[in-house]
Amino acid sequence: MPRTKKFTREQLEPCLLPDIPRGDPIPPIVWRELFGNDHGVEVEIGFGKGLFLTTSAAANPEINYCGVEIERKYQLYAATRLIERGITNVCLACGDGREILRDRIAPRSVEVLHVYFPDPWWKTKHRKRRVFTPEFVRAAGNVLKCGGRLSIATDVEAYHGVMTRIVYGMGPAFRELPPPLPSEGKDESDYLTSFERKFRMEGRPIYRAAFERTEASFPDTLPQDPGLTRPFKEFDKYNSSPPPEDSST
Ligand SMILES: C[S@@+](CC[C@H](N)C(=O)[O-])C[C@H]1O[C@@H](n2cnc3c(N)ncnc32)[C@H](O)[C@@H]1O
């Protein structure tokens, strides 16, 4: 990622959410203070190189975008792209999207929550890193406005099944919408995200879904996480023979 060093940290700061020093109280994010206006806010969790945020924010200057990414190098890479293009309606946080959604974003304050190509984390010992869980969907349902949308995409059919089943498990709190249509892929930037571009160029199918947050409350008990099992064909694709349980990547 060569362009990360093009600007100093100070030059990138206008589009970075300040970190919270360890041990300090966790302040809520106040959108009006952050963006200086009352425009609607869309949030992306796990933005990677930031293609979605960059293209969407440039096309929709009347919308504020907040991205949350756990890897600092991607936060700085995406910030570099934003500063290069003079895009000012995006704020990039570095942290765990699950925690930021749960602890820092005000209830009913987000128009759209985007989660694209989250890592499946197949190994049992890594499972706790998986972003899309029942707790995450409850936090998503809390921050979304009534009528707000949850938009997801993955190349992993089994993870798509898990994600949609968790949302269905929230009962009438979410209503399924028709899945978003893919872009035409006319040029390098005409893809939802960098991962989508990579997978579509490889000819792999993409599984998409969208849900609307309704007025309904959540069920009394959270739906169970259906769990993610790597299908045999995935083993086949990456290995000459199936690995013993939990040794897959
Ligand atoms: C497979 S990549 C997809 C990146 C991007 N959405 C795309 O489609 O090109 C998953 C991204 O999620 C980030 N990520 C993983 N766990 C996260 C978490 N708990 N909070 C925020 N970001 C996370 C990873 O660092 C990585 O950039």
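What follows is a short chat about the chain, its ligand shell and a few residues.

Mentor: Before you start, keep in mind that this is a predicted model.

Trainee: Noted. How many helices and strands does the chain have?

Mentor: The secondary structure comes to nine helices and seven strands.

Trainee: And what does the radius of gyration tell us?

Mentor: A compact globule of 249 residues would have a radius of gyration near 18 Å. The chain has 18 Å, so the two agree.

Trainee: What does the C-alpha trace span along its principal axes?

Mentor: About 50 × 45 × 40 Å.

Trainee: What percentage of the residues is buried?

Mentor: Buried residues make up 33% of the 249. Contacts are worth a look too. Take those between residues at least 6 apart in sequence: 80% of them join residues at least 24 apart.

Trainee: Let's switch to the ligand. How many residues surround the ligand?

Mentor: There are 21 in the shell. The closest are Gly46, Gly48, Gly97, Thr193 and Phe195.

Trainee: Which elements give two or more residues to that shell?

Mentor: Strand β2 (64-69), plus helices α5 (97-103) and α8 (194-201). The largest share comes from α8, with three residues.

Trainee: How does the shell divide into nonpolar, polar and charged?

Mentor: It has 10 nonpolar residues, five polar and six charged.

Trainee: You mentioned α8. Is Met201 buried or exposed?

Mentor: Met201 sits in α8. It counts as exposed, because it has 10 C-beta neighbours inside 10 Å, and the cut-off for exposed is 12 or fewer. Its C-alpha atom is 20 Å from that of Thr54, which is 147 residues away along the chain.

Trainee: New topic: the core. Which residues touch the most other members of the largest nonpolar core?

Mentor: Leu113 and Ala140, out of 55 residues in that core. The largest share of this core comes from helix α4 (residues 72-85), which gives six residues.

Trainee: What does Leu113 touch?

Mentor: Setting aside residues up to four places away in sequence, Leu113 touches Val43, Ala140, Val143, Leu144 and Leu150.

Trainee: Back to α4. What should its 14 residues span?

Mentor: At 1.5 Å a residue, they should span 20 Å. The end C-alpha atoms of α4 are 20 Å apart, so that agrees.

Trainee: Which residues of α4 are buried?

Mentor: A run from Tyr74 to Leu82: Tyr74, Gln75, Leu76, Tyr77, Ala78, Ala79, Thr80, Arg81 and Leu82. The buried residues of α4 pack against α1 (9-12), α3 (51-59), β2 and β3 (90-94).

Trainee: What follows α4?

Mentor: Gly86, with a positive phi near 70°.

Trainee: And α3? Which of its residues are buried?

Mentor: Leu51, Phe52, Leu53, Thr54 and Ala57. The elements covering them include β1 (41-45), β2, α4, β3, β4 (110-116) and α8.

Trainee: Why does Leu53 count as buried?

Mentor: Because Leu53 has 29 C-beta neighbours inside 10 Å, and 20 or more is enough.

Trainee: Which residues is Leu53 in contact with?

Mentor: Leave aside its neighbours within four places in sequence. Then Leu53 is in contact with Glu44, Phe47, Tyr65, Gly67, Ala78 and Val90. Compare that with Asn37, 16 residues away in sequence: C-alpha to C-alpha, Leu53 and Asn37 are 18 Å apart.

Trainee: Where are they?

Mentor: Arg108 is in the loop between α5 and β4. Phe117 is in the loop between β4 and α6.

Trainee: Is Phe117 buried or exposed?

Mentor: Phe117 is buried, with 21 other C-beta atoms within 10 Å. Arg108 has 13 C-beta neighbours inside 10 Å, so it counts as partly exposed.

Trainee: Last one. Where is Glu135 found?

Mentor: In helix α6 (residues 134-143). Glu135 is partly exposed, with 14 other C-beta atoms within 10 Å.

Note on methods:
Residues are numbered from 1 along each chain as its sequence is written. This is a predicted model: local features need pLDDT of at least 70, side-chain atom pairs count only at pLDDT 80 or more; totals for chains, interfaces and linings use all residues. A residue is near a molecule or strand if its C-beta atom, placed from the backbone, lies within 6 Å of it. Helices (H or I, at least four residues) and strands (E, at least two) are DSSP runs, numbered from the N terminus. Ala, Val, Leu, Ile, Met, Phe, Trp, Tyr, Cys and Pro count as nonpolar, Asp, Glu, Lys and Arg as charged, and the others, Gly among them, as polar. The radius of gyration is taken over C-alpha atoms; the globule rule is 2.2 Å times the number of residues to the power 0.38. Two residues are in contact if their C-beta atoms, placed from the backbone, lie within 7 Å. A nonpolar core is a set of buried Ala, Val, Leu, Ile, Met, Phe, Trp, Tyr and Cys residues joined through C-beta atoms within 7 Å. The expected span of a helix is 1.5 Å times one less than its number of residues.
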